[in-house]
Amino acid sequence: MAGLDKRVTSYQDALEGLTDNMVVLAGGFGLCGIPENLISEVRRRRVKELTVVSNNCGVDGFGLGVLLETQQIRKIIASYVGENALFEKQVLNGELEALLTPQGTLAEQLRAGGAGIPAFFTATGYGTPVAEGKEVREFDGRHYIMEKAITGDFALIKGWKADWYGNVIYRNTAQNFNPLMAAAGRITVVEVEEIVPPGELDPAMIHTPDIFVDRLIQGHFEKRIEQQTLRS
């Protein structure tokens, strides 16, 4: 990686500087658009006591689920965790702290973090356990709770195509949380299916501009189906 060229040649280089106790943002929704190879590198590095922010925590044996097997995650901030039996076991055993938040609130927390906004007010969750311990204000006769923005030490992102500079395009629903995570990371690492020379991507199609990207690597992906239903 040199100058405007964000490419790195190994996953070791891609996650250089990742250490214990860091906050890691991981894009994806279910198993769609997850940075699976970067997650595998996190496991290989054996860093521990991580706080992970993601829509969910993968499934047993794949995605972020592999980090539960090695107990590298101390806390998970997510909106959905229903596909992972090991997750449930560790939470019930007190080995893992889970903070569940409404999906739209989680998205806005990340957007705010990337925009440099420290907090915002939302009506979502008022009067429920979500609001416990949070500041409440009334605007125009309606109650709102204050939610703090989220940023991370590392953001792990999965894209479809990128140029050398780190301009990224996502494919269809695989976009999901990835652009929000990319903007909210102090060091943003993107793995993509294809890297092309500058000038080959239509500027109007760029989802994440290069200003948000620090490192870029081309990977190979399994694209596993989360739940497969077959006709009898």
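## An exposed asparagine and the basis of the model

At 53% relative accessibility, asparagine 21 counts as exposed, where exposed means over 50% relative accessible area, buried means under 20%, and partly exposed covers what lies in between, with a 1.4 Å probe and protein chains only. Asparagine 21 is found in the loop between α1 (11-14) and β1 (23-26), helices (H or I, at least four residues) and strands (E, at least two) being DSSP runs numbered from the N terminus. Its phi is near 70 degrees, a positive value in a residue other than glycine.

The structure is a predicted model, in which local features need pLDDT of at least 70 and side-chain atom pairs count only at pLDDT 80 or more, whereas totals for chains, interfaces and linings use all residues. Residues are numbered from 1 along each chain as its sequence is written, and side-chain values use heavy atoms, with hydrogens and water left out.

## Other positive phi values

Aspartate 140, in the loop between β6 (136-139) and β7 (142-148), has a phi near 50 degrees, again a positive value in a residue other than glycine. With a relative accessibility of 85%, aspartate 140 also counts as exposed. A further positive phi, near 60 degrees, belongs to arginine 46, which follows α2.

## The sheet of seven strands

An open sheet of 7 strands runs in the order β4-β3-β2-β1-β8-β11-β13, with parallel pairing; two strands pair if DSSP finds at least two bridges between them. The edges are held by β4 and β13 (215-218), each with a single partner strand, so one side of each is left without a neighbour in the sheet. Neighbouring strands of this sheet are turned by 20 degrees against each other on average, direction ignored, where axes are lines fitted to C-alpha atoms, for helices over the stretch in contact, and angles run from 0 to 180 degrees between N-to-C directions.

Strand β2 (residues 50-53) pairs with β3 in the parallel sense over 4 bridges, and valine 53 stands opposite isoleucine 77 in β3. Another 4 bridges join β3 to strand β4 (residues 97-100), also in parallel, with glutamate 97 in β4 as the bridge partner of lysine 75. Together, β3, helix α4 (residues 85-92) and β4 make a right-handed β-α-β unit, meaning that, with the strands pointing away from the viewer, the path from the first strand over the helix to the second runs clockwise.

Elsewhere in this sheet, β1 and β8 pair in the parallel sense over 3 bridges, and alanine 26 has leucine 156 in β8 as its bridge partner. Between β8 and β11 there are 6 bridges, again parallel, and alanine 155 stands opposite threonine 188 in β11. Strand β11 is mostly covered, with 7 of its 8 residues buried, and 4 bridges join it to β13 in parallel, where leucine 216 stands opposite valine 190.

The buried residues of α2 are Glu36, Asn37, Leu38, Ile39, Glu41 and Val42, and what covers them includes α1, β2, α3, β8 and β11, contact meaning heavy atoms within 4.5 Å.

A nonpolar core is a set of buried Ala, Val, Leu, Ile, Met, Phe, Trp, Tyr and Cys residues joined through side-chain atoms within 4.5 Å. The largest has 30 residues, of which Leu15, Leu18, Val42 and Phe154 touch the most other members. The elements that give two or more residues to this core are α1, β1, α2 (36-45), β2, α3 (65-69), β3, β8 (152-158) and β11 (185-192). Apart from it lies another core, of 20 residues, among them Val53, Ile77, Leu106 and Ile195.

Leaving aside its neighbours within four places in sequence, phenylalanine 154 is in contact with residues including Leu15, Leu18, Met22, Val24, Ile187, Val189 and Arg215.

## The sheet of three strands

A separate listing concerns an open sheet of 3 strands in the order β10-β9-β12, with mixed pairing. Here β10 (168-169) and β12 (194-196) stand at the edges, each with a single partner strand, so one side of each is left without a neighbour in the sheet. Strand β9 (residues 161-163) pairs with β12 in the parallel sense over 3 bridges, and aspartate 163 stands opposite valine 196 in β12.
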